[in-house]
Structures are given as structure tokens and as C-alpha cells.
Amino acid sequence: MTAELLTGIAELTTQAAEFSHDDDRLRDAALVIENGRIAWIGPAAEAPAADSVVDVHGRAVLPGWVDTHSHLVFAGDRAAEFEARMAGQRYTAGGIVSTMMATRAASEAHLIANARRLRRDAEAQGTTFLETKTGYGLDLASELRSAKAAAEVADVVSFLGAHVVPPGIDRRDYLDLVTGPMLTAVTPHVDFIDAFCETGAFDVEECREVLLAGRAAGLGLRLHGNQLGSSGGVRLAVELGCASVDHCNHLDDADIDALAGSNTVATLLPACDLSTREPFPPARRLLDAGAHIALASNCNPGTSYTTSMPFCVATAVLQMGLTVREAVWAATRGAARAVGREHGPDAVGSLRIGGRADLQVLDAPSVAHLAYRPGMQLCVATWTEGVRARPLANRDLST
């Protein structure tokens, strides 16, 4: 085993504290990576000897982003739909069908190649752990192909056969397919089951049926809820103990209280909210009530065609009332909770002795620059399980 020392860290954000408001940043710090794990953290002046040394020259180091909501397995694009929406047309779930048609026509190799391209884009901006979904095939063969493609690219895969009902099939017949043969086919390739609880997609009782079928098959539960209105998705997610309920734009006091009294994470998707022109979720109220929140990209071709977690963090600070500390937490440690990876030997989203060495280096002295300089490419290097990714062209760790 070889040990690698990262030193010259102006600010080290570990996320090892138990609450998002606890400031556990270290100044003038260093850390040691050994066998893919964090072996030592402390003051740079006290760093032990190592086989190799990387001096980051006064830059900030923090955990890699944990993106727990994306839809990377697709073909085609929906730029025309986006343009129409920016001209005033309201978003509805119906646009998913156009992506379905392109995805069904694509080969598995094409789907994998496109998803890998998007993952590389995400990694270049600091993402080291990523979830993605099926949900654009919407027939058995295409959903199975999508699940296999997703498993090739992502760290966690969610089955989203219950995205919308595709044209030309009876609603009841489709639900029977999703909860029967389709679920059986994809289960070996996925970790969670998900559903879109929304007008134009599936109602509460339909989503309950889908999620319970997934639970019976041994899958974890997640849910899209309350994006376009008060769909009942948040209450259902809390009732069933879902790991997360995602979107959460339209919440009343009872929804917030339900989330605050549960372990279900409210995953907020600010890039999507900008694209759909939905109101931002009440992030400040959720945190103040004691709810768990996460931030994610929702990268997809219709409503959030971005892999940039820094953009989501900056938007959460500038538009949603979060502090920098809270937004960074939600995109790392909070997001890890949403996929059951906050604790244990395979935990992500934090830097702790014995934990995975998933981290990023910013070309800035502090994480405050993520929101202070929105839109700037600040990530200059990442390590995933102790393996350093090549820096971006013309960007390295030298002064």
C-alpha cells in the first residue's frame, strides 16, 4: 500500500459533524489517502510522511458531490420544448413521451455512451458519486435496456417505470406491467424503485401500489412528489418511509411537519425549478423545521439539462435562502443520506478517518466561492476512492 499526502489546504470541509449548521472546517490542513481511504486528517504542520505529496497551494478541499437524482439514460433532446416554455408555455409531464420515442429507438451502446459522456461532465465539476434512473423506455424491453445501461454508468440505479403511462396502452394494463414483468426483469440491475406522483403522471394510490411492489421485490423506495402542485406525494413518501421524496416545490405546513418528523430526505432540484419556472421549494422552512434536505442536479433532457452540482449549490444559496455551509452539506452529506450512504464503510459525502477518499479540490481558498463566483469552473481535481482524476485541460494544481 502507498500513502498520498494532500497538503497546503487552506480550508478543509470534512462534513464529519452531525448537523448542517456545525462548522467543522479546518484551516491550514492536510490529509493522507491510503488504499482508497482517508488515513489521517489534521494540521499541515503535523502531517506524517507519505510515499507521495500533492501540494494544493492554498486551495479548498471538500467531499465530492453526491448527485442523487439524475436521468442520464436517454436519447434525443427537447430544446424546442424548452424554448416554448421560456416563451410562456407551462411544463407538463407529457413532454416525457418525446424522449421515450428517441430512447426506444436507440441502441444500448448509444445509451451507455451518452450517459458516460454526461457522467464525465459531472465528474469534471466535482461529482464523485451519482444516482440515475430508468424511465424513458416505458416498455419491458426498453426499461430493461435502460436499467442495464444505468448500471454500467451510475453508482446507484432507480427503476422509474412509473414515469408516465405511454401512449397506446391501457392505464391498468401498464400498472400491471410495471409492478409485474417489468419489475421482475429490472430488479437484478437496480437498487431503488421510484414513481412520479403528479397530475399527468400517477396519483397517490397508483404510486403506493408501485412502491409496495418494489418493496416486496427487495428494492429501496424513492418518489417524485409535489413538483407541479400538492400531489400528495410528500405524505405518501413519509408514510411508506421512502429514502427520499424529490422536487417538493409545493408544500403546506402539514407537509413540512411530516418531513421534519421523519427520516425521509427532501431532495431539492433548483436547476429544474429554474427551467420549469416552478416556485423554489421552501428550503429555509424545511431546515428550520428540522427536515433533512439534499440538493441534486435532476439532469435530464427536458427540464434540467445540466450536470453541474456547483450551479445547484450556488442557486440554493442565492435564490433559496440557504447558507453556503447548508447548501454544500445538502449536496454532500445530506445527499448521501438520501441513498442510504451517510454512514458505514461505504459512506460518501464526508471525509472521515477510514472512510472513502472521495474528494475535490477547488481553485479557490474557500467553499464560499461556489456561490460568490457563480457559474465559474472551480473544480481542478477529484479523487474517487483514492484514485485521482486527470485535471481539466490547462488546469492543474500548480500555482
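A cavity is here a set of grid points where a 1.4 Å probe fits but cannot get out, and its lining residues are those with an atom within 4 Å of a point. In this predicted model, the count by this rule comes to one cavity of 30 Å³ or more. About 110 Å³ of space lies in the largest cavity, whose lining is made up of 15 residues, with His71, Tyr91, His163, Asn300 and Thr303 lying nearest the centre. Divided by class, the lining of the largest cavity comprises nine polar residues, five nonpolar residues and one charged residue.

An open sheet is formed by seven strands with mixed pairing, arranged in the order 3-2-1-4-13-14-15. The edges of this sheet are strand 3 (37–43) and strand 15 (387–388), each of which pairs on one side only. Within the sheet, strand 4 (residues 52–63) runs antiparallel to strand 13 (residues 359–362), and the two are joined by four bridges; Val61 is found opposite Val361 of strand 13.

Two packed helices are described by the angle between their axes and by the distance between the axes. For helix 3 (residues 108–124) and helix 4 (residues 140–153), the angle is about 35° and the axes are 9 Å apart, and helix 3 passes helix 4 in a right-handed crossing. On the side of helix 3, the contact involves Glu108, Leu111, Ile112, Ala115, Arg116 and Arg119, which meet Arg145, Ser146, Lys148, Ala149, Glu152 and Val153 of helix 4. The residues of this contact between helix 3 and helix 4 divide into six charged, five nonpolar and one polar.

Key
Residues are numbered from 1 along each chain as its sequence is written. This is a predicted model: local features need pLDDT of at least 70, side-chain atom pairs count only at pLDDT 80 or more; totals for chains, interfaces and linings use all residues. Side-chain values use heavy atoms; hydrogens and water are left out. Two strands pair if DSSP finds at least two bridges between them. Axes are lines fitted to C-alpha atoms, for helices over the stretch in contact, and angles run from 0 to 180 degrees between N-to-C directions. A crossing is left-handed if the near helix is turned anticlockwise from the far one by less than a right angle, and right-handed if clockwise. Contact means heavy atoms within 4.5 Å. Ala, Val, Leu, Ile, Met, Phe, Trp, Tyr, Cys and Pro count as nonpolar, Asp, Glu, Lys and Arg as charged, and the others, Gly among them, as polar. On a 1 Å grid over the protein atoms alone, a cavity is a set of points where a 1.4 Å probe fits but cannot get out, and a pocket is an open set with protein on both sides within 12 Å along at least five of seven lines; lining residues have an atom within 4 Å of a point. Grid points are joined across faces, edges and corners, and a volume is the space filled by probe spheres set on the points.
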